[in-house]
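Please look over the sequence and the 3D structure shown here before reading the report that follows.

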Amino acid sequence: MHVPESLQDLADSEAVQFLKRPKIMGRICAGIFSLVVFSSLLTDGFQNKTNSSQLHCVFNHNPVACNFAVGAGLLAFLSCLGFLLLDAHEDRIASSRFKTAFQLLDFILAALWVGVWSVGFCFLANQWQHSQRPDLLLGSGSAKAAIAFSFFSAFIWLFQACVAFQELREDVPVPYKRSLDEGAVVLTTLSPPSAGSPTNIANSSTGIGISSSLTYTSSALSPYLSTPKAPRLAMMPDN
């Protein structure tokens, strides 16, 4: 393992350069926000009332709100970890098709998470507005944290979608590029040498270039020179 000798070496290392990429920084922030959402509700999302031991969701006693936030936060956190691992091995991906499919999947999932967190923020804020807060012993801080980081997650995933779309536009393969390149190579190979090429100069000095040009001219004009003429009718005398 290489140990950097100075802070400049540490700043120039591959790990630091990898973490400084905007896509990676956005992914890390999205993972942290998702972790806050599902961990806060997983620990303090279900509370009992002051006069009862039965657990209720802090969002208007609606278990759907708590389960939705916990499930969305956990799945978003896992997706961030998975894409971080793929980003770390992105340079080792040799197939352009797989890289394009990876970028397309990144864009689709980011756009999907923008919608999920936008709906989640509105849903959690609405349920918290109708909640009976004096009945809660704890959990009000966790509920507010879940609402706030749901709002932040929608914007960070929007940023991820924009970055993925930009990379997808830059790395999209050009159709028939290989065929066009091969055609250009064939045309270059079959094109006649220029008049100033060394081959023509050498041939002209020995007289071969003149004979070659004459042979080419005669072969090009051969259909016209070798065309048989129609026979003429001659008038014979009566004698």
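## Terms and basis

Two residues are said to be in contact when heavy atoms of theirs lie within 4.5 Å. By that rule, and leaving aside residues up to four places away in sequence, Arg-27 touches Cys-80, Phe-83, Leu-84, Asp-87, Asp-106 and Gln-160.

The model is a predicted one, in which local features need pLDDT of at least 70 and side-chain atom pairs count only at pLDDT 80 or more, while totals for chains, interfaces and linings use all residues. Residues are numbered from 1 along each chain as its sequence is written, and side-chain values use heavy atoms, with hydrogens and water left out.

## Overall layout

The protein contains nine helices and two strands, where helices (H or I, at least four residues) and strands (E, at least two) are DSSP runs numbered from the N terminus. Along the sequence these elements follow the pattern α-α-α-β-β-α-α-α-α-α-α. Among contacts between residues at least 6 apart in sequence, 73% join residues at least 24 apart.

Of the 239 residues, 26% count as buried, a word that stands for under 20% relative accessible area, with exposed meaning over 50% and partly exposed in between (1.4 Å probe, protein chains only). The accessible surface comes to about 16,600 Å², of which 66% belongs to carbon and sulfur atoms; such areas come from the Shrake-Rupley method with a 1.4 Å probe, and for residues only the protein chains shown count as cover.

## Two residues of helix 3

Arg-27 has its place in helix 3 and is buried, with a relative accessible area of 1%. Its side chain makes a polar contact of 2.8 Å with the side chain of Asp-106, a polar contact being a pair of N or O atoms within 3.5 Å, where, within protein, one must be able to donate a hydrogen and the other to accept it, and residues adjacent in sequence count only if both atoms are side-chain atoms.

Val-36 also lies in helix 3, which covers residues 22-44, but Val-36 is partly exposed at 24% relative accessibility.

## Aromatic rings

Rings of Phe, Tyr and Trp (its six-membered ring) pair if their centres lie within 6.5 Å, and planes under 30 degrees apart count as stacked, over 60 as edge-to-face and the rest as tilted. By this rule the count comes to 13 aromatic pairs. One of them is the tilted pair of Phe-121 and Phe-151, with 5.1 Å centre to centre and 50° between the planes. Because Phe-121 lies in helix 5 (residues 96-129) and Phe-151 in helix 6 (residues 140-170), the pair ties together parts that are 30 residues apart in sequence.

Phe-121 is partly exposed at 26%, and Phe-151 is partly exposed at 32% relative accessibility. Both belong to one aromatic cluster, formed by Phe-33, Phe-121, Phe-149, Phe-151, Phe-152 and Phe-155.
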